[in-house]
Amino acid sequence: MPGADCRETRSACPYCGTGCGVLLRPDGAGGLAVRGDPDHPANRGRLCSKGLALGETLGLEGRLLAPQVNGQETDWDSALDLVAARFRQAVDRHGPDSVGFYLSGQMLTEDYYVANKLMKGFLGSANIDTNSRLCMASTVAGHKRAFGTDTVPGTYDDLDQADLIVLAGSNLAWCHPVLYQRILAAREKRGTKLVVIDPRRTASCDQADMHLKLRAGSDVALFNRLLTGLYEGGALDAEYLQHVEGLGGALEAAFASDASVTGLSDSEIAAFCRIWMGTEKVVTIFSQGVNQSISGTDKVNAILNCHLATGRIGKPGCGPFSVTGQPNAMGGREVGGLANMLACHMDLENRSHRAAVQEFWCAPAMPDRPGLKAVDLFRAAGDGRLKALWIIHTNPAVTMPEADAVRAAIKACDFTVVSDITAATDTARLADVLLPAAAWAEKDGTVTNSDRTISRQRAVLPPPGLARPDWDILADAGRRMGWSAAFDYQSPAQIFREHAVLSGLAGSFGLDFDISGLSRISDSDYESLGPVRWPVSRNRQGGRFFADGQFFHPDGKARMLPVRWRPPASAPDRQYPFRLNTGRIRDQWHTMTRTGRAARLSGHLAEPFADIHPEDARRLGVQPADLLRLSSPSGQAILRARITSDVQPGDLFVPIHWTGETAPSACVDTLVAAAVDPVSGQPESKAAVVAAERWQPAWYGFAVSCRPMAPRSEYWAMARTEAGYRAELAGVSPLADPEAAARDLFAQPEAGVQIMTDSGKGSTRLALFHNGKVMAALFTAPDPVAVSRDYLAGLPGTSAEGVLTGIPAADRPDPGPVVCACFNVGANTILNAIQSGGLVSIADVGTALHAGTNCGSCRPDIAELLARRPFRQAAE
Ligand code: SF4
């Protein structure tokens, strides 16, 4: 096994859709050493900070170790008998559409396959949707409209070969860091140009040749203008257009489009058209900024139109390229794990496809129309139409738009089952039945990344307690519901083979997803299966689609769509004057149930925040470190203000990761309206309207502790540290007795207390000690607390003196907030090295501290620190 030593096992990173290969080596104490797989085609050995910290996220703290029914632990037989009975009962009494599954792009393809088969073939409903609906449903719909099926045309090799890469609605530098570094490497080698289209300045803009800061939701108008520019400039490919229908209509709609809605200047738009038109090899990468919109599908088709019209598709270095957010969103699409899909890219509403799948599964009941998509699924749970709901590996109580209403809907549903690795999620707390699932490093199966590469995920640790893989839980439930033969699965390899055989049926209908070449794979070959890009059939293996101009509509041609700009669902007004954008941060993943466990990942941005433009901050009287209250028609949130011109005046940006477990007042999806794209059903998560005001509490606080804290104040946000935990706090009622509040917060009755009060300033500094060690400390004041947070975060468990000063002692320097999470290097450490070592470049910093030498996603931050140096010559 080249590249791996004999103690290492090949697997796949469970976070983003890049799909990096990892090498795992158990350390014998329940942990894992993790490194990038040099032989995996997606990452060639690289990992980002999240992938590199995987080994730190595996602890058993909070793991769900046994099934629970109504909060009481029980055995599998009792739990699954109950699940089977309640689902069968609901179907018998209220019909198949009274039940639903809500799944996750975190599931393995084999898990997904069994869930889809159980719901669509046996329970008889298409009410199976997934959090991928929030991620890339608009891409699926756009692909199907243009290509006749959901095909990603290109491969990652195209990123190495392109001369121009356009990032549309994608902060690739933070959300798919390894792909971004791959682009930078190509840029270094061949001078690839980079254009970023994003209302916000992101880390992806640092190396960009052009940043088009367009208005939220106006992408259709921009790409329509590009299409007319391509037409007027004589850049259409007449030969390729023989394979495409709809040019006239698409052009007519494009000419009717008004590019001024983008807010970009004529010269910016002209420059974009010039660079696109003048470059033969163009890849347009798009992601959530395009998809999460009420016109997401039209945006996708506006991009595809330009590539189809110019034949810039299916060739090396060319093509539209959707990058998925989740590790196995593509696998979910392949098995048909969405409410409007069947299996293997076959169509639910196509009679022949349906009959073929029904016969293949020997299925008693097949729905002939789409089921409820995510937003409608939870509405049905809330209004009583859904009687039984099974949620697997996802946390809709905080991640769905109008999250407060979704939480109430889950609570109201007659019977809710949650399969997860932890009971400590906002959704799991609402379940009637909790089922302990195996975690990433404990289960076997496959995942498919954004460029159609199927990789094996391998179990290297035993599941703890009674935890089981999802395919096994679902199959067991299916057998208990009465379908023993159909769900008699013994291994994921058996399920993979069945899926591969079924895909051969899709191939026989002339569809793209065909892996029938793997349908006879033996157990041992499945065990050793290396990365393989589909299709894998008799006729074809891997590669790009559409170079030959053959598409999947009945006439074999592609479609250009007439698409027109539509504004977002709500316009800012006097009551809600701000446009709210949401997204990810560099070092966290989704709701932080895993990444939140790694202290170095929490050290980069330890608290939820709202980015606000300086002009807006001035108008609202908001100072740095103030708290902001945001409100919308559906909810409220309190967040730390970050004043920055990265966002445009009138716009706000808030990250998506914080939940009831980590910062209950900062769950951004409470603010987001459940407006959806009419074609894809994808919610508009990046253009809600909100009001913003400075939130003035009676006191602010900062706390550190060696144990989890129990905050009760109106605002709190807690994060892991190497030494324990840190928390930001704020409350509306004055702290009459800070010591009592601290005792309550820290729950450490055995500890002695040191307290310092400044009654003039109204501030208190307090520390708890036990056996000469610092156990906890709390600093409160009427204004945002000014202490050295990263220094204090390292004190619990030490015998440090002078804690109450809140500033570092000479022998304990303050590292500052984490900049390089890969090597855990703080901002102050880098600044000191720059000053004392005379460092002038990112490379110098890398040599001195290793910072920035792995995934590279902190290099813009290092450049910014270098730029603070007055005598600096060059950042690189
Ligand atoms: S880019 Fe990072 S998060 Fe994404 S798959 Fe690779 S290592 Fe994992």
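1. A residue is counted as near a molecule if one of its heavy atoms lies within 4 Å of it. The ligand is surrounded by Cys13, Tyr15, Cys16, Thr18, Gly19, Cys20, Leu47, Cys48, Lys50, Gly51, Pro177 and Val178. This is a predicted model, in which local features need pLDDT of at least 70, side-chain atom pairs count only at pLDDT 80 or more, and totals for chains, interfaces and linings use all residues. Residues are numbered from 1 along each chain as its sequence is written, and side-chain values use heavy atoms, with hydrogens and water left out.

2. Helix H1 (49-52) and helix H7 (177-190) are the elements that give two or more residues to the shell around the ligand; helices (H or I, at least four residues) and strands (E, at least two) are DSSP runs, numbered from the N terminus. By class, the shell has 8 nonpolar, 3 polar and 1 charged residues, where Ala, Val, Leu, Ile, Met, Phe, Trp, Tyr, Cys and Pro count as nonpolar, Asp, Glu, Lys and Arg as charged, and the others, Gly among them, as polar.

3. The unreviewed UniProt entry places the feature "domain: 4Fe-4S Mo/W bis-MGD-type" at residues 6-62; such annotations may be inferred rather than shown by experiment, with feature names shortened and positions given in the numbering used here. The span 6-62 is 7% helix and 26% strand, and its end C-alpha atoms lie 32 Å apart.

4. The largest pocket holds about 1400 Å³ of space. A pocket is an open set of points on a 1 Å grid over the protein atoms alone, where a 1.4 Å probe fits, with protein on both sides within 12 Å along at least five of seven lines; lining residues have an atom within 4 Å of a point. Grid points are joined across faces, edges and corners, and a volume is the space filled by probe spheres set on the points. Of the 47 lining residues, His604, Leu605, Phe609, Arg642 and Pro817 are the closest to the centre of the largest pocket. Its lining divides into 23 nonpolar, 8 polar and 16 charged residues.

5. The second largest pocket has a volume of about 590 Å³. Its lining has 10 nonpolar, 11 polar and 6 charged residues, and strand S28 (residues 715-721) contributes the largest share, 3 residues.

6. An open sheet of 3 strands has the order S17-S18-S19, with antiparallel pairing; two strands pair if DSSP finds at least two bridges between them. Strand S17 (445-448) and strand S19 (532-533) are the edge strands.
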